[in-house]
Amino acid sequence: MSSVTVFPVLGLSLGGAVPLSDHEQRLLDQIEQALYAEDPKWANTVRISDPRSHYKRRLVKASIGFLLGIVLLMVGVVIINIPLGVGGFVVMLAACLWGLSSWKRMNGFSEAAAAARPGQPGKTGRRGGPRQSFMERMEERWRRRSDER
């Protein structure tokens, strides 16, 4: 059993990267060699591709989707078709969210956001103390008010 607990649904891991054993590394090398022998063109494409290029393509697609949403919105307004206008707005919103998520992943903000969870060491709030959740701050205010009375 691995010493790292992973929650795939949440995308969280309660430990660091665990190196492969010698046996696992040999198996991985054999699988890679078999893949190269079976389909060298696809294997070369996968090996060379940078994840950022994938996110850049997603950004371009999201931009095109946003422009398509603007067109749908404007056409809906001009021909007075409310469902078409609303649909255009929804397309714009979805494309914007998709593009922002790609941009955040491309620039590494998603890892920073995961590390910024309350209770993590090293993260501080505005006043230099440990960062607290909204409810913890409200409870602290309530305690201070009741202590003043």
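These notebook entries record what I looked up in a predicted model.

**Helix H4**

I began with helix H4, which covers residues 82-106 and has 25 residues. From its first C-alpha to its last I read a reach of 36 Å, close to the 36 Å expected at 1.5 Å a residue. I then listed the buried residues of H4: Gly85, Gly88, Met92, Ala95, Gly99, Ser102 and Met106. Just after H4, I noted that Gly108 takes a positive phi of about 80°.

**Salt bridges in helix H6**

I next looked up the salt bridges, and the count came to 3. Arg143 pairs with Glu139 at 3.6 Å, N to O; these two residues stand 4 apart in helix H6, so about one helical turn separates them. Arg143 also forms a salt bridge with Glu140, with the closest N and O atoms 3.2 Å apart. Here the spacing is 3 residues, about one turn of H6. For Arg144 and Glu140 I found a salt bridge with a closest N to O distance of 3.9 Å, and the two lie 4 residues apart in helix H6.

Arg143 is partly exposed at 44%, Arg144 at 43%, Glu139 at 40% and Glu140 at 30%.

**Positive patch**

Finally, I examined the surface charge. Arg131, Arg137, Arg141, Arg145 and Arg149 gather there in a patch of positive charge. Of these I followed up Arg137, which is placed in helix H6 (residues 134-148). Arg137 has 38% relative accessibility and therefore counts as partly exposed.

How values were computed:
Residues numbered from 1 in each chain as written. Predicted model: local features only at pLDDT ≥ 70, side-chain atom pairs only at ≥ 80, totals over all residues. Heavy atoms only, no water. Expected span 1.5 Å × (residues − 1). Buried < 20%, exposed > 50% of the residue type's maximum accessible area, 1.4 Å probe, protein only. Patch = residues over 30% accessible without salt bridge, like charges linked within 9 Å, V, L, I, M, F, W, Y side chains within 5 Å. Areas by Shrake-Rupley, 256 points an atom, 1.4 Å probe, with all protein chains shown as cover. Salt bridge = Lys/Arg side-chain N within 4 Å of Asp/Glu carboxyl O. Lys, Arg positive; Asp, Glu negative; His and termini not counted. Charge placed at Lys NZ, Arg CZ, Asp CG, Glu CD.
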